[in-house]
Amino acid sequence: MTRSDLGDLGNRILALLRAGVALSASMLGLGLILWFAGTPAAQPVLAAGLVSLMVIPVARIVVSFVDSVRRRDTLLGWSTGIVLSIMILSVLYSWRAR
Amino acid sequence: MLDVGWTALGGATAGCLGALLGIGGGVLLVPFLNIGLRLPVQSAFAVSLVTVIATSSVTSASRSRAGLVNLRLGMMLEIFTTVGGLTGILFVNHMSERMLVGTFAATLTGIAVVTLMRIDRRNVLRDTTIDVGLLGGRYRDVECGELVSYRVRHVPAALGASFVAGFVSNLGIGGGVLKVPVLNGWCGVPIRVAAATSALMIGATAVVGSVNYFIRGEIIPHLAAAAALGVIAGSRVGTAIAARSRAKHLKGLLVVILAGVALTYWIKVAG
């Protein structure tokens with residue numbers, strides 16, 4: 001990240017993104033193979049792969065929030081906290097409106 | 001089965017260009033799925049939005065990009081993007097296909113004009129001792145090979161663009177296509193920093209819309225998986241090319257892509 005005072009947060013986010021991409025790509029790849037094979041197990045595996053992909057940015061914000069609270073970085077803490085709250089609100093709205 | 005192959009190929013191309021330009025690639029994938037593979041526009045938006053998360057995660061996981069990300073600026077803008085995304089959900093669930101397509105075309109046209117007007121703009125400051133403020137930053141610029149600084153100006157413009165980007169993200173695009181030109185053209189952020197910061201942000205933006213489409217059952221799982229895997233491969237190639245490309249060429253490519261896709265959709269609206 002461009003400011004050195006953000007400490008190890010950049011490295012933690014890098015590791016998280018890489019692990020998240022590897023996990024979701026594996027599940028999506030496996031799901032696609034099962035789909036080609038015509039097995040009913042394909043749908044839950046594909047759904048799990050899609051959900052794991054959607055979790056990556058959320059996990060990144062959670063990590064940033066925890067880190068900013070620990071370092072008492074007010075701007076980053078408020079920003080990430082508000083973004084997380086809005087995400088939860090949007091999920092709740094989508095669930096109710098389905 | 002053929003559709004899966006084409007979707008993966010379309011995803012790879014969108015991922016490569018998306019990573020190159022700091023956008024999600026949805027701006028290319030939506031017309032490919034909707035016009036090329038004849039998917040309903042809502043399904044095209046839904047599949048595309050999932051791939052935006054993949055582009056964001058892959059490009060931001062690259063070490064060359066990570067050094068450019070302005071995390072404080074990105075997180076602050078993310079507030080407005082997610083609020084825009086949530087507002088967009090309230091509208092997109094009730095809009096007709098013609099209205100969705102018209103909004104998509106109008107958004108792209110506006111961004112193409114803004115980018116073209118500011119194509120020669122460079123925001124880097126060679127003086128590394130200046131105070132960059134709370135939101136500015138420093139990084140090593142590949143074009144001049146030196147440590148450079150930048151200040152962030154016109155923050156309200158960045159906040160407004162982020163809100164609109166979040167709103168239009170429900171149209172299958174991450175909104176990077178809007179944030180990058182505004183951050184670079186008006187807010188003093190160098191194109192590479194704007195692209196890297198936007199790339200990280202669009203993942204969070206796309207989550208809001210993706211979850212909405214996922215819960216409503218609009219995402220076609222096997223096509224979304226093929227597109228996402230294609231994007232993951234293509235994004236790695238795009239990120240590698242971006243590190244060696246000139247800023248002006250990147251912007252020129254962005255204008256050509258935007259104008260081409262906008263024209264296609266204006267023809268569709270008129271027809």
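Confidence in chain B is lowest in helix H4 (residues 63-66), with a mean pLDDT of 63, and highest in helix H10 (residues 221-242), with a mean of 89. Here pLDDT is the predictor's confidence in each residue, from 0 to 100, and helices (H or I, at least four residues) and strands (E, at least two) are DSSP runs numbered from the N terminus. Where pLDDT is low, the predicted coordinates should not be read in detail. Across chain B the mean pLDDT is 82, and 93% of the residues reach 70 or more. The complex receives an ipTM of 0.88 and a pTM of 0.82 from the predictor.

The model is predicted: local features need pLDDT of at least 70 and side-chain atom pairs count only at pLDDT 80 or more, while totals for chains, interfaces and linings use all residues. Residues are numbered from 1 along each chain as its sequence is written, chains are lettered from A and ligands numbered from 1 in the order in which they are written, and side-chain values use heavy atoms, with hydrogens and water left out.

Most residues other than glycine have a negative phi.

Turning to the interface, 57 residues of chain B are in contact (heavy atoms within 4.5 Å) with 47 residues of chain A. The two chains bury about 4,500 Å² between them, 77% of it from carbon and sulfur atoms; this is the accessible area (1.4 Å probe) lost on being put together, summed over both parts. Arg72(B), Met75(B) and Ile215(B) supply 16% of the area that chain B buries against chain A, more than any other three residues.

Two salt bridges link chain B and chain A, each a side-chain nitrogen of Lys or Arg within 4 Å of a carboxyl oxygen of Asp or Glu. In one of them, Arg72(B) pairs with Asp73(A), the closest N and O atoms being 2.7 Å apart. On the side of chain B that touches chain A, the elements giving two or more residues are H3, H4, helix H5 (71-92), strand S1 (137-140), helix H9 (191-215) and H10.
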